[in-house]
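Here are my notes on this one, point by point.

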Amino acid sequence: LLASLHDTADKVRTAKHIVVAGGGSTGVEVAAEIRYEFKDKEVVLVSAGETLVGGDVIAGSVESELSKLGVTVRKGIKVQKTELSPDGRTQVKLSNGETITTDLYMATTGLTPNSEWLPKALLTPSGYAQVDEFFCVEGVDDTWAAGDIVSKPKASFLYTEAQAAGVVKNIQFAMAGQPQRPIGGPLVDGFICSMGRSRAAGRIRGIQIPSIAAWIGKGRTLGMERTKKYVDGSMW
């Protein structure tokens, strides 16, 4: 994994032209971070949707920040196919018939749960773990699931964090012979896109917040100060 990360970073450094496919939060942040760090690179963000980040209330702010950074945004266009050229560049064929030649193609579309190793009887047709309101896996005893492998309510860091905290408590309840408790979402519904080392776009409870506030909430540290707590189990 580390080798792959360093390899990707090296490719970003040497590329002069980069195409990022996917107008969700991952694609937006990747395009913004690259362009912020490397002003001499041409970065093109291709989004199948007519609005970025799924039409969230911060979509306009996100696009504005990308524009300020110099990212070229192409909306309402899908990547149909990619082909590697003999010179090592990539031909990106778009749904409008256009072909973009790029030094580096980065796909950030879709979410595929890493569940191939689990019995199919425990999964939905899309490969997600089937859970009840306690996030117990249906069809098997004393097993819980949380995060991107669970299909509800959506893939999100804040939801994953809330689910994990709830699962920890329910496991403790089970060990103590106490009844399970339903698991809900995060106490505060927030969404922030980091747009480089000094800018961000975000909202809390559907209300947009200033770029500086969003940056303080996420972009300033990217949550790295929580890493040790996640590793040693003290986060919850």
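Predicted model: local features only at pLDDT ≥ 70, side-chain atom pairs only at ≥ 80, totals over all residues.

1. Numbering runs from 1 along each chain as its sequence is written, and side-chain values use heavy atoms, with hydrogens and water left out.

2. What does Arg 203 pair with in a salt bridge? The partner is Asp 189, with the closest N and O atoms 3.6 Å apart; the rule asks for a side-chain nitrogen of Lys or Arg within 4 Å of a carboxyl oxygen of Asp or Glu. This pair links distant parts of the chain, with Arg 203 in strand β9 (residues 200-204) and Asp 189 in the loop between α4 (157-175) and β8, 14 residues apart. Helices (H or I, at least four residues) and strands (E, at least two) are DSSP runs, numbered from the N terminus. Asp 189 is partly exposed at 30% relative accessibility.

3. Shared partners join Asp 56, Asp 189 and Arg 203 into one salt-bridge network. Asp 56 sits in the loop between β2 and α3 and is buried, with a relative accessible area of 17%. Its side chain makes a polar contact of 3.0 Å with that of Arg 203. For the record, a polar contact is a pair of N or O atoms within 3.5 Å; within protein, one must be able to donate a hydrogen and the other to accept it, and residues adjacent in sequence count only if both atoms are side-chain atoms. Not counting residues up to four places away in sequence, Asp 56 touches Phe 191 and Arg 203, where contact means heavy atoms within 4.5 Å.

4. The salt-bridge count comes to 13. One of them joins the side chains of Glu 29 and Lys 218, at 2.6 Å, N to O. Glu 29 lies in helix α2 and Lys 218 in helix α5 (residues 211-219), so the pair ties together parts that are 189 residues apart in sequence. Glu 29 is buried at 19%, whereas Lys 218 is partly exposed at 25%.

5. For a local pair, look at Asp 232 and Lys 228, whose closest N and O atoms are 3.3 Å apart in a salt bridge. They are four residues apart in helix α6 (residues 227-232), so about one helical turn separates them. Asp 232 is partly exposed at 43%, while Lys 228 is exposed at 63%.

6. Please take a second look at Arg 35, in helix α2 (residues 25-37). Arg 35 is buried yet has no salt bridge, and the nearest side chain of opposite charge, Asp 40, is 6.7 Å away. Charges here are Lys and Arg as positive, Asp and Glu as negative, with His and the chain ends not counted. Beyond neighbours within four places in sequence, Arg 35 contacts Lys 41, Val 43, Leu 69, Gly 70 and Val 71.

7. Now the nonpolar cores: sets of buried Ala, Val, Leu, Ile, Met, Phe, Trp, Tyr and Cys residues joined through side-chain atoms within 4.5 Å. The largest has 24 residues, and those with the most contacts inside it are Val 28, Val 53, Val 62 and Leu 66. Elements giving two or more residues to this core are β1 (17-21), α2, β2 (42-47), α3 (59-69), β7 (104-107) and β8 (190-194). Apart from it lies another core, of twelve residues, including Phe 135, Cys 136, Val 150 and Val 167.

8. Last, α4. This helix has 19 residues and reaches 27 Å from its first C-alpha to its last, close to the expected 27 Å, the expected span being 1.5 Å times one less than the number of residues. Among the buried residues of α4 are Tyr 159, Gln 163, Val 167 and Phe 173, and what covers the buried residues includes α6. Gly 177 follows α4 with a positive phi, near 75°.

Conventions:
Buried < 20%, exposed > 50% of the residue type's maximum accessible area, 1.4 Å probe, protein only.
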